[in-house]
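Have a look at the sequence and the 3D picture below, and turn the model around a few times. Then read on for a guided walk through it.

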Amino acid sequence: MKNKFEDQENVSMLGMTIQQVRKAKGMTQEELGKRVGLPKSSISKIEKGLTHISFEDASLLMDAMGEKITIQVMGMKEPGAKKVERVRFVTIGVMWYAHSKKMTFADAYKYLLVYKGIQFLEENYAYEQTLPRQTILDDLDKVCNRNLEKVRKAI
């Protein structure tokens, strides 16, 4: 088993995610680098997908920003570029939701995961990506509220 992500698509996606979280936290590459003992140039290469890093290293970077990284295995087979587009859309949707609710990215992700907002964005990606931001946020609220009510009734 290899210790590093070798697939360029995964390397790029991982780098993009690290960059998005860093920017959402208002951190510079230099600040993140200082927290983990790397120069700014290394952080830049990681974010651009030019450096193959291990899951453990990615986890250390996320921990330094107060976030956790997880891997979700999905059985979907779709072309690489389409998959990256879908993941980017879902990630941006979570960031918008976090900003609109004044939550951290991690808290918004957990909330949307529990109340099926992430699943909704993934399943309805083709349609939702054509909508304005506020409509997407309204749709997420409706889905989460509906599932929150189901959980409350079950208790």
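A residue counts as buried when its relative accessible area is under 20%, as exposed when it is over 50%, and as partly exposed in between, using a 1.4 Å probe and protein chains only. At 38% relative accessibility, Lys116 therefore counts as partly exposed.

Before going further, here is some background on the model. This is a predicted model, in which local features need pLDDT of at least 70 and side-chain atom pairs count only at pLDDT 80 or more, while totals for chains, interfaces and linings use all residues. Residues are numbered from 1 along each chain as its sequence is written, and side-chain values use heavy atoms, with hydrogens and water left out.

## The overall plan

The protein chain holds nine helices and zero strands. Here helices (H or I, at least four residues) and strands (E, at least two) are DSSP runs, numbered from the N terminus. Of the chain's 155 residues, 38% count as buried. A contact means heavy atoms within 4.5 Å. Among contacts between residues at least 6 apart in sequence, 65% join residues at least 24 apart.

## The nonpolar core

In soluble globular proteins, nonpolar side chains tend to be buried together. A nonpolar core is a set of buried Ala, Val, Leu, Ile, Met, Phe, Trp, Tyr and Cys residues joined through side-chain atoms within 4.5 Å. The largest one in this model has 34 residues, and Ile18 and Leu32 have the most contacts inside it. Helices 1 (8-24), 3, 4 (55-64), 5, 6, 7 and 9 (133-154) each supply at least two residues of this core. Helix 9 gives the largest share, six residues.

What does Leu32 touch, leaving out residues up to four places away in sequence? The partners of Leu32 are Ile18, Arg22, Met27, Ile43, Leu61, Ala64 and Met65. Just after helix 4 comes Gly66, with a positive phi of about 80°.

## Two pairs of packed helices

Two packed helices are described by the angle between their axes and the distance between the axes. Axes are lines fitted to C-alpha atoms, for helices over the stretch in contact, and angles run from 0 to 180 degrees between N-to-C directions. Angles under 35 degrees count as roughly parallel, over 145 as roughly antiparallel, 65 to 115 as roughly perpendicular and the rest as oblique.

Helix 2 (residues 29-36) packs against helix 3 (residues 40-47) at an angle of about 105°, and their axes are 8 Å apart. These two helices are therefore roughly perpendicular to each other. Helix 2 brings Gln29, Glu30, Leu32, Gly33 and Val36 to the contact, and helix 3 brings Lys40, Ile43, Ser44 and Glu47. Ala, Val, Leu, Ile, Met, Phe, Trp, Tyr, Cys and Pro count as nonpolar, Asp, Glu, Lys and Arg as charged, and the others, Gly among them, as polar. By these classes, the contact of helix 2 with helix 3 has three nonpolar, three polar and three charged residues.

The axes of helix 5 and helix 6 cross at roughly 110° and come within 9 Å. Helix 5 is therefore roughly perpendicular to helix 6. Their contact is made by Thr91, Val94, Met95, Tyr97 and Ala98 of helix 5 with Phe105, Ala108, Tyr109, Tyr111 and Leu112 of helix 6. This contact has nine nonpolar, one polar and no charged residues.

## A closer look at helix 5

The expected span of a helix is 1.5 Å times one less than its number of residues. For the 22 residues of helix 5 (residues 80-101) that should be 32 Å, and the end C-alpha atoms are 32 Å apart, which agrees. Among the buried residues of helix 5 are Val84, Phe89, Val90 and Tyr97, along with Arg86.

Most residues other than glycine have a negative phi, and most peptide bonds are trans. Lys102 has a positive phi although it is not a glycine, and so does Lys116. At 76% relative accessibility, Lys102 counts as exposed.

| Residue | Phi | Loop between |
|---|---|---|
| Lys102 | about 55° | helix 5 and helix 6 (105-114) |
| Lys116 | about 70° | helix 6 and helix 7 (117-123) |
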